[in-house]
Amino acid sequence: MKTTMMHRLSTLALAAALCGCAVGPKYEVPAAAAPATYKEAEGWTPAAPADALERGPWWMLFGDPVLNELAASLEVNNQNVALAAAQYAQARAVVAEQRAALFPTVALNGSGSRSGGGDTRPSNNYRVDIGGSWEPDLWGSLRAGVTGAQASAQASAADLAAARLSAQGELVANYIGLRQADVEKQILDTTVQGYERVLQITQNRVSAGVTAKSDLLQAQTQLFNARADQLTVIRQRAVYEHAIAVLLGKAPAEFSLAPASWSVVVPEVPLGVPSTLLQRRPDIAAAERDVAAANENIGIARSAYFPSLNLSASYGYGNSQVGGLFSASNSLWSLGLSAAQTLFDAGAIAARVEQTRAARDAAIARYRQTVLAAFADVEDQLAATRALAQQQELRRQASEAADQVEQQMENRYRAGQVNYTEVVSAQVTALSARRALIQVQADRQTTAVALIQSLGGGWDVGGLQQ
């Protein structure tokens, strides 16, 4: 009889597993606006999912060995990246936990007790058994849970990539700012030396009665302002250095970067690069995976409309003495089948289903908005790249012209042909032009960083051919 009952339960379980069906909607990637080309660059093609492509060490495009060393140690030490990595590991563990629910649970149990009281003779009771239980996935809710957890883990992986790319971009931008401060400090040092020479000449002219004391006061004002600007640049450099230290997971007191030459390399955007690189953006990948996870939650909520089935079985031994515990005559077994069905819940299940549908619709809206923002981001950086390249040439010409005017005014002042006010005006204009040129060079580099980030990291099209 025992064999017959076990055979029937096995047959029922197999049939339940075979007839299991998913009650959730079939997932399709939401449609999103994707123009054939970018407005600010010609020759680009429509995008396609490719988030898993290798991004490569894109910061090497700037040709700075010190920056390469800093970026190489970033992923190991940055705490935001470490946090995202831990969250990704947690998400993968959730997938394993959800997958385990598809299989039976088996447990080994053992017990021993002694009881008695009054005129009753004390007695012993020993028991050992192995039992298992299994809930067949009749309606696909468990499989939906696994699929949803996998989608969430993939979204977490994209979040990790986003954290890594964000930290890399922030590091490079701060490094560019630090090197810009180094160059500005050199310019100001040279300027201060020049102002000191002019101040001495003016002092000599005042002492000789050739010029008024107001010229001396103006020269002093120029010098003091330049020295104040030196201190401002020193402060700004310190802030950049501290920010880099934190990005590398170090206390600012334990990190320093010596002044060095600035590699003013601006990677050129190859206009033939296809816009498929846009799909490498981690935020787009994460948003799409969130939609997939939300879609699976609908199936999980719908499964509550249908009955649940649970199978259980156990086999063991029980006796009052340990010595004869495992004899055949003391064997015990049990088989069980249970089912449950909600008959009335005042619309609670329907409300939960609607909640999951609304959550999926919200996830779709967030995904589409992310895509739109990504395209706008690329357009912004392409426009800025083109404009800054033109501005740099104009700033260079302006700086060269201002330097010539400054030199001419100083020579004419020494010859007594102009008053000192004209010299001061030329000096201010020349210094402003030099610093504006340095600023536009830094802006071009930081815009290149922003463009790389907006494309998901790097412009290496070799990965697209794999």
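A crossing of two helices is left-handed if the near helix is turned anticlockwise from the far one by less than a right angle, and right-handed if clockwise. Keep that in mind for this tour. What you have open is a predicted model, where local features need pLDDT of at least 70, side-chain atom pairs count only at pLDDT 80 or more, and totals for chains, interfaces and linings use all residues. Residues are numbered from 1 along each chain as its sequence is written, and side-chain values use heavy atoms, with hydrogens and water left out.

**The whole chain**

Start with everything selected. You'll find eight helices and four strands; helices (H or I, at least four residues) and strands (E, at least two) are DSSP runs, numbered from the N terminus. Walking from the N terminus, the order is α-α-α-β-β-α-α-α-β-β-α-α. Of the 466 residues, 39% count as buried (buried is under 20% relative accessible area, exposed over 50%, partly exposed in between, with a 1.4 Å probe and protein chains only). The chain exposes about 25000 Å², and carbon and sulfur atoms supply 55% of that (areas come from the Shrake-Rupley method with a 1.4 Å probe; for residues, only the protein chains shown count as cover).

**Helix H4 and H7**

The crossing of H4 and H7 is left-handed. To see who touches whom, show Tyr195, Val198, Ile201, Thr202 and Arg205 on H4, with Glu406, Glu410, Tyr413 and Arg414 on H7 (contact means heavy atoms within 4.5 Å). By class, that makes four nonpolar, one polar and four charged residues (Ala, Val, Leu, Ile, Met, Phe, Trp, Tyr, Cys and Pro count as nonpolar, Asp, Glu, Lys and Arg as charged, and the others, Gly among them, as polar).

Keep H4 and bring up H5, residues 213-247: the two axes come within 8 Å and cross at roughly 160°. H4 and H5 are therefore roughly antiparallel, and H4 passes H5 in a left-handed crossing. Their contact has 20 nonpolar, seven polar and 13 charged residues.

Leaving aside neighbours within four places in sequence, Arg179 is in contact with Val66, Arg237, Ala258, Pro259, Ala260, Ser261 and Trp262.

Then hop to Ser156, also in H4. At 10% relative accessibility, Ser156 counts as buried. Not counting residues up to four places away, Ser156 touches Gln87, Tyr88 and Ala91.

Last, pick Ala86 in helix H3, residues 79-100. Ala86 counts as partly exposed, at 45% relative accessibility. Draw a C-alpha to C-alpha line from Ala86 to Ser156: they are 70 residues apart in sequence and 9.7 Å apart in space.

Methods:
Axes fitted to C-alpha atoms, helices over the stretch in contact; angles between N-to-C directions. Parallel < 35°, antiparallel > 145°, perpendicular 65-115°, else oblique.
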